[in-house]
2 protein chains.
Amino acid sequence: MSRSDLSVLDVFFNPRTVAVIGASRDPTKVGYQILYNLKQKYRGKIYPVNPHAKKILGLKCYKSVLDIKDDVDLAIISVPAPVVLSVVDECGRKGVKGLIVISAGFKEIGGEGVEREKKLVEIVKKYGMRMIGPNCVGVYVPKTGLNTTFLNPSRMGFPPHGHIAFISQSGAFGIAVLDWAAMRGVGISKFISVGNKADVDEADLLDYLVKDPDTRVITLYIEGVERGQEFREALKRTTLRKPVIALKSGRSEAGARAIASHTGSLAGTDAIYSAVFKQTGVIRAYGMEDLFDMAVALSMQPPAPGKRVAILTVGGGSGVMATDACIDLGLEVPKLSEATEEKLRKVLLPIASPHNPVDVTGSARDEHLIESVEILMRSGEIDAIIWIPYFMVPGISEKIVEKFIERVKKVNRELDKPIPIVGAATGGEYTWKLAAKAEKLGIPMYLSVERAAKAVWALSRYGEWLIKNGVYEEYVERFRKIVGY
Amino acid sequence: MSRSDLSVLDVFFNPRTVAVIGASRDPTKVGYQILYNLKQKYRGKIYPVNPHAKKILGLKCYKSVLDIKDDVDLAIISVPAPVVLSVVDECGRKGVKGLIVISAGFKEIGGEGVEREKKLVEIVKKYGMRMIGPNCVGVYVPKTGLNTTFLNPSRMGFPPHGHIAFISQSGAFGIAVLDWAAMRGVGISKFISVGNKADVDEADLLDYLVKDPDTRVITLYIEGVERGQEFREALKRTTLRKPVIALKSGRSEAGARAIASHTGSLAGTDAIYSAVFKQTGVIRAYGMEDLFDMAVALSMQPPAPGKRVAILTVGGGSGVMATDACIDLGLEVPKLSEATEEKLRKVLLPIASPHNPVDVTGSARDEHLIESVEILMRSGEIDAIIWIPYFMVPGISEKIVEKFIERVKKVNRELDKPIPIVGAATGGEYTWKLAAKAEKLGIPMYLSVERAAKAVWALSRYGEWLIKNGVYEEYVERFRKIVGY
């Protein structure tokens, strides 16, 4: 089995049949919860394996994976570490294609665990299987309902299907992010907790996800990478087609020390990762919100063809703060030409400011935002727009979101280089009802202008990378087909 | 009327009677909405003034403020700019103590507006009144129900009573922040939109709020300050007793240009503000979330007596990221002594890590967090704690919040220098149900470890300031009385 034969990784996301080895009748056990969570949405066949039970959660139990008559595509293994090797050998004999080994007690504990992991990999390779883990949480794939996580669903939520893939070296952090994404309404294409990465690792998954039609953006949480060369090569291939955003922890010496005691990974010096990310066009995130703020923007909006940002605001103060935030990030907030200012002046209220930031003022009505955005988009003087609508002011109607986005899409359809737009919506329930609608229609919205500016920065950074590598047009053409404008 | 006679500012927050001059019967007008919003919670007497109406919203109308028999403490003025001067003169003759002039059309429009504002101030001074505005949104005081804002409440929320005062130079931004605070559950003592600051300005309000028993922390949004000397002196006096956090926009040249067209304020070079903030112990924020993340921490927790942070986590990855975030901010995440690690080892699971970050692991139970936090607090080796509980893991009970905080308070009661604690809770609905409970009981919680680290940084920064000025003990003694430990 060559690592380049990646279609086999499909088995981890869309298996026809799944065996849960170590399924338990005891609701406090991981082996119960995996089965419970899996049953909720997964529509393939599920075969629990437990030598002591006849039925669990209404499903017939098998003494061994070898007793299952049907083919088994994927086995999820949660037996105690000392039993894993024999169970995996049975999977090999059965012809199982993929394994997700949830069980801990391998390399991460040192000593005998290291030896045990080595033997595990030998068995996996001997039978030509592929394996995620050990010591992981597995996968969550909203589209197929495959869910190998083991936390009680009364305590966590699962996000809907979407276009962001998330590969996490930390299982707990991965789970927390899924839970947060569910609350935030961020859609996920595939979540993979890679655990000890004894077989499948980030490089494999990048090569798989770059071809995955459901994935537009790939996000990574990394503590340390072992196959550095392969990782770099995979990143290089991937970023020319899809943006990759990485949250690499252990930046500080104290953080690297903490990693050593957490996963036993060698964090390596942070400078090496920085260099690799720079060489391969990876966008680096500095926290969970940062990671997803940027990912959401890149999944919804085209890359920016440059650094020139126009700010279109209903609130003057927010316009000033957005300007500061852009400049802090190395973006530009250029003055507009006399001609463009004149066009804006014609459609705006007399008290409005046609300079950049364009301040339509709190007395604005829908048309002031809609006409201005078209003028800005067509000006040829800017590469991206931050929209700050203040939905609560009386002149702005409840229909502003639909009307504004319809115009934006129409204009973008006619432009050679589409102009990306993100929004900032500081406010409460009403504001976020409308902001959520905007996100549904394709404009990402942020609670603060600083976060919106960071999102634009990511769009600009990725645009720069695509242009530098001569693939901007190609990417944009593909993107237009996906989003329909 | 001397500026130092500040008790008169009470009239802006707790008036016995309020006249609404420019009250309107037309629900689309500001003069209607002010009256509507004011009526919701304010329990003093309200006198609408409108020469053409008999009753508005069930309240008897007066042709002029002079026709009101009762004394009028505060007049809220929303008549067109050209009428403001005569109306204000009537207020003076009536003996009104305070004016909130909502009307725009003054200095901010230049030209005749500048002259009009000058005359306005002359009249105000002639009668010994005080004035907030013009061109402002006024005040919101949850405790007395006084609310002079004019947005439709179907489109915005109002936060509950709390301990953070917020002075905003931008009305729209101020409103958006109130709305956000309502959703986030952040309590406000007093909100003041200062508008053009023709009379009452930040310096006055600082001197007032430093004595206000409902205010623990003062937050500011500033574009430009005119009375620089007075501002600096007021800051100096204030920060020795209460933390002040300032969000100053127009940091960049482009931002400063935007301010000029927004409020006509001279932003001044940012370096001057930076220097003043440094000299006066003001903590600078770089965005709305940053401002309130820090304010919430300072309102709930004692200042940190140093920079040494312990991280107590259920998730290893989050511990690493929290460490990175602390180091980025100039905090320390020190190794613990052998003796402390030994104590931790005795109460933790064998797989847990007793180093800093202390990783109790996803298998932890309540007691692991509770015993560890006491050991850390009593160690004498750390000055603050970041708690990362992962409420969703099965071993952590629903009662963890009460149990953990009870222990924290008990230990802090016994320590000479109380140790501040903030939490990071990445997650969804269940997590935030418990996190909200923690905030109610006094531990601020953040969605990400980076934000929790920034909150600790603010606590450490303020502690440093108090120690440097020899008032740490005094502050802590007062703080203990307020929070009861």
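How many residues apart in helix α12 of chain A do A:Arg378 and A:Glu374 lie? They are 4 residues apart, which is about one turn of the helix. The two side chains form a salt bridge, and their closest N and O atoms are 2.8 Å apart. The model is a predicted one, and the rule used here counts 72 salt bridges over all chains.

The helix that holds this pair belongs with a sheet. Helix α12 (residues 366-378) of chain A lies across β15, β16, β17 and β18 of chain A, and runs at about 175° to β15(A). These strands are part of an open sheet of 5 strands in chain A, in the order β16-β15-β17-β18-β19, with parallel pairing. At the edges stand β16 (358-359) and β19 (445-446) of chain A; each has a single partner strand, so one side of each is left without a neighbour in the sheet. Inside this sheet, strand β15 (residues 309-313) of chain A pairs with strand β17 (residues 384-388) of chain A over 5 bridges, in the parallel sense. One pair to look for is A:Val309, whose bridge partner in β17(A) is A:Ala384.

Chain A also has an open sheet of 5 strands with the order β2-β1-β5-β6-β7, and here too the pairing is parallel. Its edge strands are β2 (45-49) and β7 (130-132) of chain A, each of which pairs on one side only. From one strand to the next, the twist averages 20°. Strand β1 (residues 17-21) and strand β5 (residues 74-77), both of chain A, pair in the parallel sense over 4 bridges. A:Ile21 stands opposite A:Ile77 of β5(A). Helix α1 (residues 30-41) of chain A lies across β1, β2 and β5 of chain A, at about 160° to β1(A).

Some details of the backbone come next. The peptide bond that joins A:Gly133 and A:Pro134 is cis, with omega at about 0°. A:Pro134 lies in the loop between β7 and β8 (138-141) of chain A. A:Asn135 is found in the loop between β7 and β8 of chain A as well, and its phi is near 60°, a positive value in a residue other than glycine. Another cis peptide bond joins A:Asn356 and A:Pro357, where omega is about 5°. A:Pro357 sits in the loop between α11 (338-347) and β16 of chain A.

The last part of the picture is where the chains meet. How many residues does each chain bring to the contact? Chain A brings 69 residues and chain B brings 68 residues. The size of an interface is often given as the accessible area lost when the parts come together. Chain A and chain B bury about 5,000 Å² between them, and 62% of this is on carbon and sulfur atoms. The rule finds 4 salt bridges across the interface of chain A and chain B. One that can be located joins the side chains of B:Asp328 and A:Arg251, at 2.2 Å from N to O. Across the interface of chain A and chain B there are also 26 residue pairs in polar contact. Several elements of chain A each supply at least two residues to the side that touches chain B, among them α4 (171-184), β13 (244-248) and α15 (449-468). The largest share of that side, 10 residues, comes from α10(A). By class, the side of chain A that touches chain B has 31 nonpolar, 23 polar and 15 charged residues.

Note on methods
Residues numbered from 1 in each chain as written. Chains lettered and ligands numbered in written order. Predicted model: local features only at pLDDT ≥ 70, side-chain atom pairs only at ≥ 80, totals over all residues. Heavy atoms only, no water. Contact = heavy atoms within 4.5 Å. Buried area = accessible area lost by both parts, 1.4 Å probe. Polar contact = N/O pair within 3.5 Å; in protein donor to acceptor, adjacent residues only side chain to side chain. Nonpolar A, V, L, I, M, F, W, Y, C, P; charged D, E, K, R; others polar. Pairing = 2+ DSSP bridges. Axes fitted to C-alpha atoms, helices over the stretch in contact; angles between N-to-C directions.
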